[in-house]
Amino acid sequence: MGYTYEMDDAFLALVSDIIRDTAKTEILPRFRALSANQVQSKTSANDLVTEADILAEQRLSVLLTEIMPESMVVGEEGCHADPDLIRAIGTAPLVWVVDPLDGTANFVSGNPVFATVVALVRDGVTMAGWLHDPVNDVILCGYRGNGVIRNGVRVRLEPHDRPLLERTGSPGANTPKSLQGRFAHNIRHGSAAHDYMALISGRIEFAAFRRLAPWDHAAGVLLYEEAGGISRFMDGSPYSPSIHQGFLIAAQSRMLWNEIAEAFRSATP
């Protein structure tokens, strides 16, 4: 028998408190206070991990599995140590998907654009998500079918019907020629969580993602769709946290999604 829990606003608040307390304990005290031996490279010089990443993930792992004893944690740092762990997202019945510090490069450089991301995945389907900006103490959370809450207030995306030339987006590192000059502003956060927070608030109207680590997208996709946005793979199929390769596009409306997708499809190398 699987673990039973009440998916409600009180549950969202309980996990939100755990995330906030972890940021206060392990992340914020180390922001702009890291020594050289507290920062290491993983797969490349640009792929960084800090003491804050490691200790925050450890603390979240303990506290999240305490409130849900039959669950397990799949975190970015845990998967770096054991790459096979990521398979549990599609096979284990109840998984917390955790990025303790999304935007580590920003964190190391003193840029306050970073976040903690948590998603709850049941039988391969994202059921709830949390995006926390520790510097501004903003947390967006929600569960499937119940919308999005921002610091206790329900929010809903309000799409605009206007030409692409007036839109603001985040098309990624290599904007194709088919999109260059066709939209007004290109915003890059260096944090997928901040991309999704900007999408939900309407500060950006579309985004494209080539890196599909589940801890970057499981929570964000759920919350964006709960707010009224659209997130789909290039072929139009729905996102799944167990799919880790592909090209994901998020947009305010189906019409805008089609326009962005077509621009990428027609892109030339």
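1. Arg265 is partly exposed, with a relative accessible area of 44%, where partly exposed is the range between buried, under 20% relative accessible area, and exposed, over 50% (1.4 Å probe, protein chains only). Its partner Glu262 also counts as partly exposed, at 44% relative accessibility, and the two form a salt bridge whose closest N and O atoms are 3.6 Å apart, a salt bridge being a side-chain nitrogen of Lys or Arg within 4 Å of a carboxyl oxygen of Asp or Glu. Both residues lie in helix H8 (residues 254–265), three residues apart, about one turn of the helix; helices (H or I, at least four residues) and strands (E, at least two) are DSSP runs, numbered from the N terminus.

2. This is a predicted model, in which local features need pLDDT of at least 70 and side-chain atom pairs count only at pLDDT 80 or more, while totals for chains, interfaces and linings use all residues. Residues are numbered from 1 along each chain as its sequence is written, and side-chain values use heavy atoms, with hydrogens and water left out.

3. The count of salt bridges comes to nine. In one of them the side chains of Arg154 and Asp9 meet at 3.3 Å, N to O, and this pair links distant parts of the chain, with Arg154 in strand E9 (residues 153–155) and Asp9 in helix H1 (residues 9–27), 145 residues apart. Glu225 forms a salt bridge with Arg232, their closest N and O atoms being 2.9 Å apart, and Glu26, Arg30 and Glu51 are linked in a network of salt bridges.

4. An open sheet of five strands has the order E11-E10-E12-E14-E13, with mixed pairing, two strands being paired if DSSP finds at least two bridges between them. Its edge strands, E11 (185–186) and E13 (230–233), each pair on one side only. Strand E12 (residues 206–209) and strand E14 (residues 248–251) pair in the antiparallel sense over four bridges, and Phe209 stands opposite Leu248 in E14.

5. Helix H7 (residues 214–227) lies across E12, E13 and E14, running at about 130 degrees to E13; axes are lines fitted to C-alpha atoms, for helices over the stretch in contact, and angles run from 0 to 180 degrees between N-to-C directions. Helix H6 (residues 192–201) lies across strand E10 (168–170), E12 and E14, at about 155 degrees to E12.

6. The largest nonpolar core has 38 residues, and those with the most contacts inside it are Leu131, Tyr196 and Leu248; such a core is a set of buried Ala, Val, Leu, Ile, Met, Phe, Trp, Tyr and Cys residues joined through side-chain atoms within 4.5 Å. The largest share of this core, seven residues, comes from H7. Not counting residues up to four places away in sequence, Tyr196 touches residues including Leu131, Phe209, Asp216 and Leu248, contact meaning heavy atoms within 4.5 Å.

7. Asp216, found in helix H7, deserves a separate remark. Asp216 is buried yet has no salt bridge, the nearest side chain of opposite charge, Arg211, being 5.3 Å away; Lys and Arg count as positive and Asp and Glu as negative, whereas His and the chain ends are not counted. Leaving aside neighbours within four places in sequence, Asp216 is in contact with Asp99, Asp102, Ala192 and Tyr196.

8. Nine of the nine residues of strand E4 (residues 94–102) are buried, so this strand is largely enclosed by the rest of the structure. Strand E3 (residues 72–75) pairs with E4 in the parallel sense over four bridges, whereas seven bridges join E4 to the antiparallel strand E5 (residues 115–122).
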